[in-house]
Amino acid sequence: MNLNELLLKKRQTILKKWFDSVLETYPQDTANFLKRQKDQFANPVGSTIYNGMDSLLEELLNGGDTDKISTFLDNIIRIRAIQDFTPSQALAFVIQLKRVVREELINENKESQFADELLAFERRADDLMLLSFDIYMKCREKIYDLKANELRNMTSKLLERANLIFEAQYRKIDLEEVLQGNKLERGE
Amino acid sequence: MAKFTAKPAELLKIDFKTPKTDWMDTPVEIREHMYCHPSKAKDLETVGFPNIHEWKPVDENWNLPENWKETVINGIKERLQKYRSFHVFMDICVRCGACADKCHFYLGTGDPKNMPVLRAELLRSVYRKYFTTGGKIFGKTAGARELTEDVLKEIWYYYYQCTECRRCSVFCPYGIDQAEITMIGRELTNLLGLQLGWIAGPVANCYMKGNHLGLEPHTIKSNIEFMLDDIETLTGIRINPTFNRKGAEILFVTPSGDLFGVPGVYTAMGYLMLFHELGLDYTWSTYASEGGNFGFFTSNEMAKRLNSKIYAEAKRLGVKWILGGECGHMWRVLHQYMDTWNGPADFLEVPKSPITGTVFDNAKSTKMTHISEFTADLIRHGKLKLDPGRNDHLKVTFHDSCNTSRGMGMFEEPRYVIKNVCNHFYEMPENTIREKTFCCGSGTGLNASENMELRMRGGFPRANAVRYVHEQHGVNMLANICAIDRATLSASMDYWVPGVGVAGISELVANALVMKGEKERTQDLRLEPLPQKSGEKEGAENV
């Protein structure tokens with residue numbers, strides 16, 4: 001049996017412990033609720049995080065399709081990026097996977113047996129961490145985008161009406177004609 | 001996102017355990033991005049709100065007036081005498097917890113003080129201390145606590161993290177309405193000058209100019225003319241609506257958000273096209289130019305003052321009845337309060353559709369009918385020539401606005417309209433629609449930009465259900481009948497479910513509406529290309 005097979009066998013235990021480590025970052029009453037309520041619409045945060053972790057684990061152990069991994073990570077990080085966490089707290093769950101897996105191996109007394117494979121697995125978890133930084137920043141940047149966009153949407157019609165937007169002033173000019181003119185000027 | 005607090009060496013020692021102290025012993029921490037900026041003094045002065053002063057939510061000292069405590073206690077006393085419901089709600093909660101996990105803010109923030117039961121308890125504990133014998137004698141044991149500055153700050157912080165959506169009250173076995181408790185809590189903060197800028201600004205503008213943005217008559221008129229230009233480009237038809245016209249049969253009132261914001265303007269274009277096609281004898285008003293009422297988020301009296309212009313204008317113009325546009329809290333106010341505040345509107349007639357002859361008996365008292373009821377009735381009687389194929393590029397789902405669903409029980413009309421003007425309609429899961437609908441997360445004056453994180457957290461349960469139909473059925477348009485929804489769900493979709501747009505139902509109606517004498521349409525109201533044409537449908541039902 002190699003490490004992957006062992007982890008697949010223990011997948012449910014690992015998932016449970018990994019999910020519990022995230023729940024500990026929420027107040028106790030909330031953690032109980034996030035764990036107990038299984039309806040994905042009545043408990044959007046708990047179910048999204050749980051399903052995201054389940055799929056991440058599946059992908060890590062069975063394949064490693066980066067696009068899929070990005071989507072699953074995104075689902076979780078998108079939530080934690082706007083909750084009451086510092087960036088390190090929001091993303092610490094990724095590192096927690098290494099701890100959970102290592103503890104399972106220690107419990108089984110198989111840490112040294114799978115030393116090389118464990119190193120490779122942990123490297124994959126580190127890659128997840130790096131990917132998580134990118135996703136987290138993307139989420140935060142989106143929040144600032146939204147603020148700017150709202151302001152723009154509120155005022156763009158007014159500005160356009162007041163003829164204060166360049167695009168509105170010149171929208172009647174044929175763009176093709178302008179480009180053609182530019183080319184002629186450059187002697188192309 | 002919380003502020004960076006850990007030093008490099010501490011980063012490695014993350015303690016994931018949260019404090020397990022009792023709620024009363026867990027002090028409030030006011031966090032940025034979770035609240036809206038305080039109001040400007042001039043806005044409070046305009047309407048004569050008391051105790052105007054400089055303050056910042058994150059400051060230790062809120063510069064409260066010397067007698068602030070007395071003001072709050074007397075404020076509670078006055079409201080206990082005035083509102084029997086408030087008194088009952090303070091007494092009857094058995095803390096069963098049925099409401100606890102029903103609040104979108106609790107679901108999104110995970111903060112126990114956002115459980116409706118606990119949010120109410122923040123104020124209820126003060127009520128017990130000063131107004132019940134048990135609380136006076138046994139104090140904390142009886143769930144009572146002194147009113148301190150920290151307690152006041154806590155009430156302020158969490159009562160502006162409630163959108164008065166009333167989802168919790170649907171699940172409460174006693175029918176306790178947290179929205180009413182929040183209203184009272186906010187009235188108390190208002191007594192101390194602790195109002196939000198995003199609320200006080202629109203209130204002052206409404207009081208001075210009639211609408212939230214303070215648009216003056218010529219601006220309203222030219223904004224609408226700008227829409228008329230676009231409609232002419234699309235259809236080849238020039239529409240000439242009237243403003244402040246005496247003797248019109250119908251006065252049309254809509255939220256001013258429809259006049260300037262995207263995608264609200266497309267909804268307004270929809271109204272204009274529909275009314276033109278019907279040849280409706282109606283008028284816009286530049287005085288009653290706002291259906292929304294942010295006074296409703298400050299105090300009962302202010303809401304009443306701002307609402308009075310609607311009947312006053314109807315009387316001045318001598319119309320027979322009032323038709324209202326797509327808005328959420330506007331309809332809660334009109335449906336539940338306007339009649340008793342500023343009625344009886346005995347100078348008006350019971351609304352009767354001049355096209356179908358239908359008498360809207362449900363509006364016998366208020367004399368004001370909802371555009372969705374009006375449009376559904378037109379379709380039911382086959383009075384509109386519709387080509388739903390023009391909306392074939394849209395896979396639509398419907399978000400029930402809290403106020404039109406839980407506030408006035410309107411579930412079927414909007415769905416009936418959508419199903420007749422669109423070929424692709426998909427419902428979100430049962431526990432997220434109709435009376436159990438999730439709030440957009442930005443109602444009751446919380447639709448500012450500085451509190452974007454709060455909005456995204458509160459909007460997640462709704463977005464999560466949209467994401468489901470987006471993934472299952474390819475839904476790409478979230479239809480609704482609320483101006484705040486149109487403004488705020490756009491941001492929520494952008495963050496949670498990119499690829500899903502937001503539209504008012506009247507926009508979808510106008511897309512499908514085949515107008516007499518129109519040129520062949522190649523674009524929809526957003527000036528985007530129409531899908532390949534399907535067969536036209538004449539007043540038929542598609543339900």
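Where in chain B is Pro263(B) found? Pro263(B) is found in the loop between α13 (257–260) and α14 (264–278) of chain B, where helices (H or I, at least four residues) and strands (E, at least two) are DSSP runs, numbered from the N terminus. This is a predicted model, in which local features need pLDDT of at least 70 and side-chain atom pairs count only at pLDDT 80 or more, while totals for chains, interfaces and linings use all residues. Residues are numbered from 1 along each chain as its sequence is written, chains are lettered from A and ligands numbered from 1 in the order in which they are written, and side-chain values use heavy atoms, with hydrogens and water left out.

**The interface of chain A and chain B**

- On the two sides of the interface, 46 residues of chain A are in contact with 57 residues of chain B, contact being defined as heavy atoms within 4.5 Å.
- The two chains bury about 4,600 Å² between them, and 60% of that area is on carbon and sulfur atoms; buried area here is the accessible area (1.4 Å probe) that two parts lose on being put together, summed over both.
- Five salt bridges are found across the interface of chain A and chain B, a salt bridge being a side-chain nitrogen of Lys or Arg within 4 Å of a carboxyl oxygen of Asp or Glu.
- A salt bridge joins Asp84(A) to Arg457(B), with their closest N and O atoms 3.2 Å apart.
- Between chain A and chain B there are also 13 residue pairs in polar contact, both residues being at pLDDT 80 or more; a polar contact is a pair of N or O atoms within 3.5 Å, and within protein one must be able to donate a hydrogen and the other to accept it, while residues adjacent in sequence count only if both atoms are side-chain atoms.
- On the side of chain A that touches chain B, the elements that give two or more residues are α3 (28–36), α4 (44–62), α5 (66–80), α6 (87–107) and α7 (115–161) of chain A, and the largest share, 16 residues, comes from α7(A).
- The residues on that side of chain A divide into 19 nonpolar, 14 polar and 13 charged, where Ala, Val, Leu, Ile, Met, Phe, Trp, Tyr, Cys and Pro count as nonpolar, Asp, Glu, Lys and Arg as charged, and the others, Gly among them, as polar.

**Two buried residues of chain A**

- Asn43(A), which is found in the loop between α3 and α4 of chain A, is buried with a relative accessible area of 1%; buried means under 20% relative accessible area, exposed over 50%, and partly exposed in between (1.4 Å probe, protein chains only).
- If residues up to four places away in sequence are not counted, Asn43(A) touches Phe33(A), Leu34(A) and Gln37(A).
- Leu91(A) is found in helix α6 of chain A and is buried, its relative accessible area being 3%.
- Leaving aside neighbours within four places in sequence, Leu91(A) is in contact with Ile77(A), Met129(A), Ser132(A), Phe133(A) and Tyr136(A).
- Leu91(A) and Glu103(A) are twelve residues apart in sequence, and from C-alpha to C-alpha they are 20 Å apart in space.

**Cysteines**

- The count of disulfides over all chains is zero, a disulfide being a pair of cysteine sulfur atoms within 2.5 Å.
- Cys402(B) is in no disulfide, and the nearest cysteine sulfur, that of Cys439(B), is 4.0 Å away; Cys402(B) counts as buried at 10% relative accessibility.
- Cys440(B) is in no disulfide either, with the nearest cysteine sulfur, that of Cys439(B), 4.2 Å away, and Cys440(B) is buried with a relative accessible area of 5%.

**Backbone details in chain B**

- The peptide bond from Val262(B) to Pro263(B) is cis, with omega near 10°.
- The peptide bond from Gly343(B) to Pro344(B) is cis, with omega near 0°, and Pro344(B) has its place in the loop between α16 (329–342) and β4 (368–370) of chain B.
- Asn244(B), in the loop between α12 (217–235) and β1 (250–253) of chain B, has a phi near 50°, a positive value in a residue other than glycine, and is partly exposed with a relative accessible area of 27%.
- Arg434(B) has a positive phi of about 50° although it is not a glycine; Arg434(B) has its place in the loop between α19 (412–421) and α20 (452–473) of chain B.

**A covered helix in chain B**

- Helix α8 (residues 149–159) of chain B is mostly covered, as nine of its eleven residues are buried, among them Trp156(B) and Tyr157(B).
- What covers the buried residues of α8(B) includes α3 (68–82), α6 (116–131) and α10 (178–191) of chain B.
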